[in-house]
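Reader: Before we go into the terms, please put the model up. I would like each label set against its definition.

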Amino acid sequence: MTPRHLIVCLTIAMLGAIHPSAQEAVSPADRFLEPFQIVGNVYYVGPEAEHSSYLITTSEGHILINSGFERQVPTIRASVEKLGFRFGDIRIVLGSHAHTDHQEGDALVKQLTGAQVMAMEEDVAELRSIAPGGKAHPIDRVLRDNNRIQLGAVTLTALLTPGHTKGCTTYALNAEDAGKTYAVVIGCGYGAAGRTLVNDPDYPGKAEDYRRTYARARTFRADVFLGSHGQHYGLLDKLSRRGRGPNPFIDATTLPAHVDTYEKQFQQELASQTLKAR
């Protein structure tokens, strides 16, 4: 075993040791969920009900969207392997947006798999500041709006939907399931609650970016809408109905309902902050 592989194994052991296996006294949002197939080659791989990570499989390797906190990488790895796939076959790592709860694990996943980490240009600076344990945040390809990401026969389109962060990214792809093709959209965070929308010196155009994102999101066609957080697409409710009829994740009403909810929230938040700023 080389020194590098020894370090990786020790890192995984330590991270795994701090991940609680017991589910007692854990809130529903933090509860571990078993990995499962959503539709076609798109799988949910944890790490828990609050945060969503996805594996998109191809004949040439796999794509991981959202590595989560670094401490959650062992959970995601175990989920991938429980589904029968090799974690080491991940070739591309993507993220919804540059927050630690979605992309802190990027460096460790790259260390374990050699995958290419790709990120939207507008989020690069913020990602560079996410460096757990002093690890530099890897970025192998800088994405721009409407760039395509191809692996095997699978093509994803990276769509810039800013507001939650400057480079908040939505991914669109097609998935084949039972002889049918479904439009899958994996959304970034469109929520504005608790965000500074007025007089933010670090992001002065945030409110206008949110408006553009809501307008753009209404143009997306999504037979299956997924998000970076479980509540964005009714994960727990849909799971409770899974296996008892048609696939509940195939629901074209999910995305427009999500946009309606979060745009209303944004308008209320903006009105409140505007009034306080006067």
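Author: This is a predicted model. One definition comes first: two strands pair if DSSP finds at least two bridges between them.

Reader: What makes β1 and β2 a pair?

Author: Strand β1 (residues 36–39) and strand β2 (residues 42–47) are joined over three bridges, in the antiparallel sense. The definition asks for at least two bridges, so β1 and β2 count as paired. Val 39 has Val 42 as its bridge partner in β2, and Gln 37 has Tyr 43. The hairpin of β1 and β2 has two residues between the strands, and Gly 40 takes a positive phi near 55 degrees there.

Reader: Why are β1 and β7 said to stand at the edges?

Author: The open sheet has seven strands in the order β1-β2-β3-β4-β5-β6-β7, with mixed pairing. β1 and β7 (141–143) each have a single partner strand, so one side of each is left without a neighbour in the sheet. On average, neighbouring strands of this sheet are turned by 30 degrees against each other, direction ignored.

Reader: Which strands does helix α2 touch?

Author: Helix α2 (residues 73–82) packs on the sheet and touches β2, β3 (52–58) and β4 (61–65). The direction of α2 makes about 145 degrees with that of β2. Helix α4 (residues 106–113) lies across β4, β5 (90–94) and β6 (116–120), and runs at about 170 degrees to β5.

Reader: Why are α6 and α8 called roughly antiparallel?

Author: Helix α6 (residues 206–217) and helix α8 (residues 254–277) pack at an angle of about 160 degrees, with their axes 10 Å apart. Angles over 145 degrees count as roughly antiparallel, and α6 and α8 are therefore given that label. The crossing of α6 past α8 is left-handed.

Reader: Which residues make the contact, and how many of them are nonpolar or charged?

Author: From α6 come Ala 207, Tyr 210, Arg 211, Tyr 214 and Ala 217. From α8 come Leu 255, Val 259, Tyr 262, Glu 263, Phe 266 and Leu 270. By class, this contact has nine nonpolar, no polar and two charged residues. Arg and Glu count as charged, while Tyr counts as nonpolar.

Reader: How many of the residues of the protein count as buried, as a percentage?

Author: Of the 278 residues, 53% count as buried, the cut-off being under 20% relative accessible area. The protein has eight helices and 12 strands. Among contacts with a separation of 6 or more, 63% are between residues 24 or more positions apart.

How values were computed. Residues numbered from 1 in each chain as written. Predicted model: local features only at pLDDT ≥ 70, side-chain atom pairs only at ≥ 80, totals over all residues. Heavy atoms only, no water. Axes fitted to C-alpha atoms, helices over the stretch in contact; angles between N-to-C directions. Helix = DSSP H or I, 4+ residues; strand = E, 2+ residues; numbered from the N terminus. Parallel < 35°, antiparallel > 145°, perpendicular 65-115°, else oblique. Left-handed = near helix turned anticlockwise from the far one by under 90°. Contact = heavy atoms within 4.5 Å. Buried < 20%, exposed > 50% of the residue type's maximum accessible area, 1.4 Å probe, protein only.
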